[in-house]
Amino acid sequence: MKKTLILSALMAVSLSTAATAEIVEAKSDRYVLKQEATSSMSAEDLWARLVKPETWWHPDHTYSGSSENLSLDLQAGGLWREDWDGGSVSHGTVIYVKPGSTLRMNAPFGPLQEMAVNVVWTITLTPTEGGTKVTFDEIANGTEGAALDKLAPAVDFVKTEAIKRLTQ
């Protein structure tokens, strides 16, 4: 019994996704974030998961409290949106798509929207031996009064959680 528990724990550790996160720059009017993780999924399978945010985005980071209300229209000008009874929000607008490889959006999620902050979020998939490397690069620009240096750690937390959920 003890041996089985130890093997199960070791397998869980080996299957868990290790992610790195970095606040590259944080100033009152700008931040730059980078998260990376590697998944054992193929780039094709990971892309199929990426374009269905309802399958991996954490419900705590939605307006409705349910990831099932999320959708992504995968074309330039398409929206990452959330629709629920009594409300709707556009989380981001697709500005570049290279299927299987790159998704870029103008995506001022959450409180960044009401602050009129411009956010470009690029998600890149790179095939590796035995899986796929996923990189999130995010650049936000606003006014000095936006205090983006104080928001950067919270956004970094949300995106780090997201990349872990995507790549698991």
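Mentor: Let us begin with surface: accessible areas come from the Shrake-Rupley method with a 1.4 Å probe. The model under discussion is predicted. On that basis, the accessible surface of the protein comes to about 9,000 Å², and carbon and sulfur atoms hold 54% of that area.

Trainee: What makes a residue count as buried, and what percentage of the 168 residues does so?

Mentor: A residue is buried when its relative accessible area is under 20%. By that criterion, 38% of the 168 residues count as buried.

Trainee: How do you know how many helices and strands the protein has?

Mentor: Helices are DSSP runs of at least four residues, and strands are runs of at least two. Counted so, the protein has 4 helices and 8 strands. Their sequence order is α-β-β-α-β-β-β-β-α-β-β-α.

Trainee: What share of the contacts with a separation of 6 or more joins residues 24 or more positions apart?

Mentor: A contact requires heavy atoms within 4.5 Å. Among contacts with a separation of 6 or more, 48% link residues 24 or more positions apart.

Trainee: Which residues line the largest pocket, and which lie nearest its centre?

Mentor: A lining residue has an atom within 4 Å of a pocket point. The largest pocket, with about 290 Å³ of space, has 17 such residues, and H61, F109, G110, P111 and V158 lie nearest its centre. Two or more lining residues come from each of α3 (111–114) and α4 (148–167); α4 gives the largest share, 5 residues.

Trainee: How does the lining divide into nonpolar, polar and charged residues?

Mentor: Gly counts as polar under the scheme used. The lining then comprises 11 nonpolar, 4 polar and 2 charged residues.

Methods
Residues are numbered from 1 along each chain as its sequence is written. This is a predicted model: local features need pLDDT of at least 70, side-chain atom pairs count only at pLDDT 80 or more; totals for chains, interfaces and linings use all residues. Side-chain values use heavy atoms; hydrogens and water are left out. Buried means under 20% relative accessible area, exposed over 50%, partly exposed in between (1.4 Å probe, protein chains only). On a 1 Å grid over the protein atoms alone, a cavity is a set of points where a 1.4 Å probe fits but cannot get out, and a pocket is an open set with protein on both sides within 12 Å along at least five of seven lines; lining residues have an atom within 4 Å of a point. Grid points are joined across faces, edges and corners, and a volume is the space filled by probe spheres set on the points.
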